[in-house]
Amino acid sequence: MSERQALQQLPKAAFGQVISAEANYVRVNISHLDASAAADSSPEATSSSGSSSSSSPSSSQDEDAEQLLHSRHASNSQASSSSSSSSSHVPPPRTQLLCTVRALLKKINQRVLVGDRVRVHGIDWLEGRGVVESVQPRSSELADPAIANVGHVLLLFGLTQPPFEPQQVSRFLVSLGASGLPVTLALNKCDLLPESEVTLRLQQVASWGYHAVAVSCETGQGLNEVAQALQGAVSVVAGPSGAGKSSLINALRMGRHKPEAAGLVGAAVAAAEAAGADEQDCEESDQAADGYTGSSSIEQQQQQHASPSAAADPARSFLAVGDVSKIGRGRHTTRTVTLIELPFGGLMADTPGFNQPTLDRVASADLARLFPEFNAAVEAQGGCRFADCMHLAEPGCAVTAAELERHEHYVKFLAEIKAREEYDVRVMQLAKQRREGALKVVSGRGGVARYEARLDQKHRITSRRRQKQQLWDDSTEEQQE
Ligand SMILES: Nc1nc2c(ncn2[C@@H]2O[C@H](COP(=O)(O)OP(=O)(O)OP(=O)(O)O)[C@@H](O)[C@H]2O)c(=O)[nH]1
Ligand SMILES: [Mg+2]
Ligand SMILES: [Zn+2]
């Protein structure tokens, strides 16, 4: 059986994981075929297979096809030189598919996130396209960054450039700590500060109840400890723009965490910076690293995916990194969430940097427990006087008595969360009243909709339109009689 025929015999549905997502399409890494789905039964497929037998493949054909997919899986992850071999007339077989999302999923507001395990159907193996039909239940889901099924979070901040901002770090710790996932905290760019200042930062973070690793993508310091935490896990790196998230993934992919690889990181960073020199190159670099491009149309993506040049050029196999601005802030170089394979086992999602992760998933009643030093203070003092103490101005509060550095962060976050909770309650009450008919929506000046109390039936004035309609109905009834 030729390669083309084998591809046409593959079932038209498969399971896989979303490795990157754009507004209109997602890229799915295919893990296995759905053998229960029928293979291509189009006339072209059956005629090119040269047989007049039934449209569904026999089990041996199934095995052939599956073997082909798996053999391609292995060869795809190596260099792409094989694409110029004798099979040049056959489009490259796909272990990654570019997929649209089924309209029904959009209608029911089912978002497809990076990391989602999905069933893809209607697959065109030759073109490498399909449609995401359903999303399997998630083991975890984060809002900021939006990603599903990760088991571990790496929080990365710059010790400088961008500056270390305690309240921002707290916010990330609370926002991601609320997910219940294990968090590793790393402080990058320790090569830019004297050791004494790095030590002070580590002590500050330790006083909050966290162990942080001081790392440098430039010198490789601390990367081994980070690599150990990531090994074998599906992780996501989060942190502000410019912290060095993409640089860290590049360094790990270079094997920079291994002591014997000293000196390689300079080359990696230089190559990545060259790749990030302009927008076009950034996107090509992203594509080479993870099979994703930021180009707008599905056709462009297909063409770029088929191009072997990116994989052949080692400089392009890094994620793009961008210089920080004059005031030491990141430039939002990474624009999408992308899952990338780590050479020592495991997957790592690179994410766009952001400054204010949401606290929408944190309840006011849970906030205090997300400050480990509060728990320690309460335990040390044998508890607050009141069991339901919110650690604000209550007498006998163990937390306020301990005069902790992050208490002011807690107070700010609590106010924000309470305001949101009160708003949510109001919206729910309004929705309830609307369901019960106590309110009606009227459009006011400028077409702005507002709610107005609905009067009891007996107090309502019948509109002139309704009066006229009633007269009309009565007269036609009379005529009919
Ligand atoms: N000196 C020094 N510079 C670093 C280190 N890590 C990263 N950088 C530099 O910091 C800048 C930003 O790095 P990126 O990897 O693009 O940062 P990012 O967190 O991915 O940023 P976004 O994609 O914008 O979210 C680049 O100029 C890197 O070369 C480090 O350990 N030491
Ligand atoms: Mg980045
Ligand atoms: Zn208290």
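What spacing do the donors of the zinc ion (ligand 3) follow along the chain?

## The zinc site

They follow the pattern C-x4-C-x1-H-x5-C. This is a predicted model, and in it the zinc ion (ligand 3) is held by C384 (SG), C389 (SG), H391 (ND1) and C397 (SG), at 2.1 to 2.4 Å. Seen from the zinc ion, the 4 donor atoms subtend angles of 103 to 115°, so the arrangement is tetrahedral.

## Around ligand 1

Let us turn to another ligand. Ligand 1 is surrounded by 24 residues, and the closest are C217, S241, K245, S247 and T334.

From the backbone, an N or O atom of C217 sits 2.7 Å from an oxygen atom of ligand 1. From the side chains, S241 places an N or O atom 2.6 Å from an oxygen atom of ligand 1, while K245 has a polar atom 2.8 Å from an oxygen atom of ligand 1. Ligand 1 taken alone would expose 660 Å², and the protein buries 94% of that area.

## A hairpin to find

Finally, have a look at strands β12 (residues 338-341) and β13 (residues 347-350), which run antiparallel and are joined by 4 bridges. Across this pairing, I340 stands opposite M348 in β13. The hairpin has 5 residues between its strands, and G345 takes a positive phi near 95°.

Terms used. Residues numbered from 1 in each chain as written. Chains lettered and ligands numbered in written order. Predicted model: local features only at pLDDT ≥ 70, side-chain atom pairs only at ≥ 80, totals over all residues. Heavy atoms only, no water. Donors = N, O, S within 2.8 Å, 3.2 Å for Na, K, Ca; no water. Tetrahedral: all angles 85-135°; square planar, octahedral: opposite > 155°, others 65-115°. Pairing = 2+ DSSP bridges. Helix = DSSP H or I, 4+ residues; strand = E, 2+ residues; numbered from the N terminus. Near = heavy atom within 4 Å. Polar contact = N/O pair within 3.5 Å; in protein donor to acceptor, adjacent residues only side chain to side chain. Areas by Shrake-Rupley, 256 points an atom, 1.4 Å probe, with all protein chains shown as cover.
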